Amino acid sequence: MSVTLHVNPIACVGHGVCAELLPEVVELDRWGYPILVSAAIPRPLLNHARRAVQACPTLALLIEKKAGKHR
Amino acid sequence: MTATRPMPVTGPMPVTGPMPVTGPMPVTGPMPVTGPMPVTGPSAVMPAATRAPRRLPRLLAGIGTGGLEEHERRHGPLPGRGRRPERLIDIVEAAGLTGRGGAGFPAGRKMRSVAAGPGRKAVVANGAEGEPASRKDRLLLNRLPHLVLDGITLAAQAVGADEAYLCVHGREGALLDRLDHVMAERQAAGLDPVPIQVAGLPGRYVSSEQSSIVQYLNGGPAKPTFAPPRPHERGVNGKPTLVHNVETLAHLALIARRGARWFRGAGLPSAPGSMLVTVSGAVIRPGVYEIEMGMTAGEVIRLAGGPAEPLRALLIGGYFGAWLPAETAWPVPMTHAGLRAAGGALGAGIVIAWPAAACPIAGTARVVRYLAEESAGQCGPCVFGLPALADALDSLAFSGGRDGDIGEIAALIPLVERRGACRHPDGATQLVRSLLTAFPADVRWHQRQGACDSVRHPPLLPLPGDDERDGDWA
């Protein structure tokens, strides 16, 4: 199973909370919108990623678990 | 210095400079083309497909007043009696028809995935034609509406739909009136068992994107939505929805009558059939032409009467397409794979012949400004990135001499690309990338010396006027 992170760019208004909570994966561009350095989340960062998803004020950060047969 | 200077235009025509070419073939004057087929000259680059006897026109064969009687006389009645409707999906797959709206996705596979979804389905015919340089969908809807409507009905029956929509540009009042009349004609003849509704979309570039159409038909603004769900999963009224371009549906109406083998009798094995192209710019006879898939871009220019003046480049695929220098473009086959391999994009078959006397940087700057204005305003990288890209291009094109512009453009492209909910920002960056690749000498000249003389050429790339653009998205 792999866990990936995605941004819904319509919902995102650039609060930047994700970059505060998950600087290993999320950088902000010059306008304050997140750039994911890598969509795949390494295991040790999983809890931090979940916290960033929950903390997003517009629920624009999405976590997706991909099992073998998903979709 | 002179060697790197693009087009030192002193008179109306360029004298020297990088690549003021007329194409690898010495075609400068009007060609004596009278029929709908190109003159099959001694060209060595022409693929076998175009050397054969006349197989075209197909779609445009019935072009006339667009009446039902004329349509049925030419093509026969709506086919499919005595055949299970879903059988058409197999036939379309065997024919190898791909979407003619720009993406080129296999039409049969799309139908199959919609048909496999739960419950009743919906069908949307996309005739909104957001690309300013495209005219083919308007031509079909105005002159061959019954072919498109046959396609809608056949597709609706094949996927198991209980509602269908024909979407056109809402500012085309005359077309909407005409379609009312056409629908009445078909209703009287009892042709469409699945009800078809005509809808006028807001006149915005991204309104013809398929998720925009679905959101609009569901009562929302005609703006792209975040996927998933995609329309084939959950679309109009929550139903699995088939969205096909109107040309795709017109081909489907012919395939249903004549079969997969017939369809494959034109074009290439890997890209069968014919397609409509809209040719404009510096050609003798701009217009919509039907070509076999795989005809070379140079042959398309010849079909449109040849260059009206020396050409430098072709812009193929519209404003989501790419610039190709004329000598690169000339032998490229008009297929998705062929254009991709050449660093371009086929898109919806738009070919713009760019004269040597006009500055492509200025042309691109105007288009990118337009694309920035046409953002739906939903995604930050598009909202901020496209205007910044337009500013940098404006500066390079018209002020110039600032070393920073190129760096700024190069920095902005990755900040914009693939960061929106739809492909609008990606289309803009593809166009800009291709400008930098196709005209490196011009770019260097502008960066060092400022605007070249040919920026004064009147704008060539069509942009809708303010009266054709809606401020409102609903």
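Figure 1. Strand β9 (residues 311–316) of chain B is joined to strand β10 (residues 322–325) of chain B by four bridges, and the two strands run antiparallel. The model shown here and in the other views is predicted. Within this pairing, W323(B) of β10(B) is the residue opposite L315(B). Five residues separate β9(B) and β10(B) in the hairpin. One turn residue, G317(B), adopts a positive phi of about 100°.

**Figure 2. The open parallel sheet of chain B.** Four strands of chain B make up an open sheet with the order β3-β2-β1-β4, and their pairing is parallel. At the edges are β3 (196–201) and β4 (241–245) of chain B, each of which pairs on one side only. From one strand to the next, the twist averages 20°. Strands of a sheet pair through backbone hydrogen bonds, in either a parallel or an antiparallel manner.

**Figure 3. Pairing of β2 with β3 in chain B, and the helix across the sheet.** Strand β2 (residues 161–169) of chain B runs parallel to β3(B), and six bridges join the two. A164(B) has I196(B) in β3(B) as its bridge partner. Helix α5 (residues 145–159) of chain B lies across β1 (121–127), β2, β3 and β4 of chain B. Relative to β1(B), helix α5 of chain B runs at about 155°.

**Figure 4. The two domains of chain B and their contact.** Chain B is divided into domain 1, covering 59–264, and domain 2, covering 360–468. The C-alpha centres of domain 1 of chain B and domain 2 of chain B are 34 Å apart. In the contact, 13 residues of domain 1 of chain B meet 12 residues of domain 2 of chain B. On the side of domain 1 of chain B that touches domain 2 of chain B, six residues are nonpolar, three are polar and four are charged.

**Figure 5. The contact between chain A and chain B.** Eight residues from chain A and 10 residues from chain B take part in the contact. Helix α14 (residues 380–399) of chain B supplies three residues, the largest share of the side of chain B that touches chain A. By class, the side of chain B that touches chain A comprises six nonpolar, three polar and one charged residues.

**Figure 6. The fold of chain A.** Chain A contains two helices and four strands, and the pattern along its sequence is β-α-β-β-α-β. The C-alpha trace of chain A spans about 35 × 25 × 20 Å along its principal axes. Of the 71 residues in chain A, 23% are buried. Among contacts in chain A between residues at least 6 apart in sequence, 60% join residues at least 24 apart.

**Figure 7. The surroundings of G14 in chain A.** G14(A) sits in the loop between β1 (2–7) and α1 (17–21) of chain A. G14(A) counts as partly exposed because it has 17 C-beta neighbours inside 10 Å. Leaving aside residues up to four places away in sequence, G14(A) touches W31(A), G32(A), Y33(A) and G380(B). A52(A) is 38 residues from G14(A) along the chain, and their C-alpha atoms are separated by 13 Å.

Definitions and conventions:
Residues are numbered from 1 along each chain as its sequence is written. Chains are lettered from A and ligands numbered from 1 in the order in which they are written. This is a predicted model: local features need pLDDT of at least 70, side-chain atom pairs count only at pLDDT 80 or more; totals for chains, interfaces and linings use all residues. Two residues are in contact if their C-beta atoms, placed from the backbone, lie within 7 Å. Ala, Val, Leu, Ile, Met, Phe, Trp, Tyr, Cys and Pro count as nonpolar, Asp, Glu, Lys and Arg as charged, and the others, Gly among them, as polar. Domain bounds come from an automatic or database domain assignment. A residue is buried if 20 or more other C-beta atoms lie within 10 Å of its own, exposed if 12 or fewer, and partly exposed in between; C-beta atoms are placed from the backbone. Two strands pair if DSSP finds at least two bridges between them. Axes are lines fitted to C-alpha atoms, for helices over the stretch in contact, and angles run from 0 to 180 degrees between N-to-C directions.
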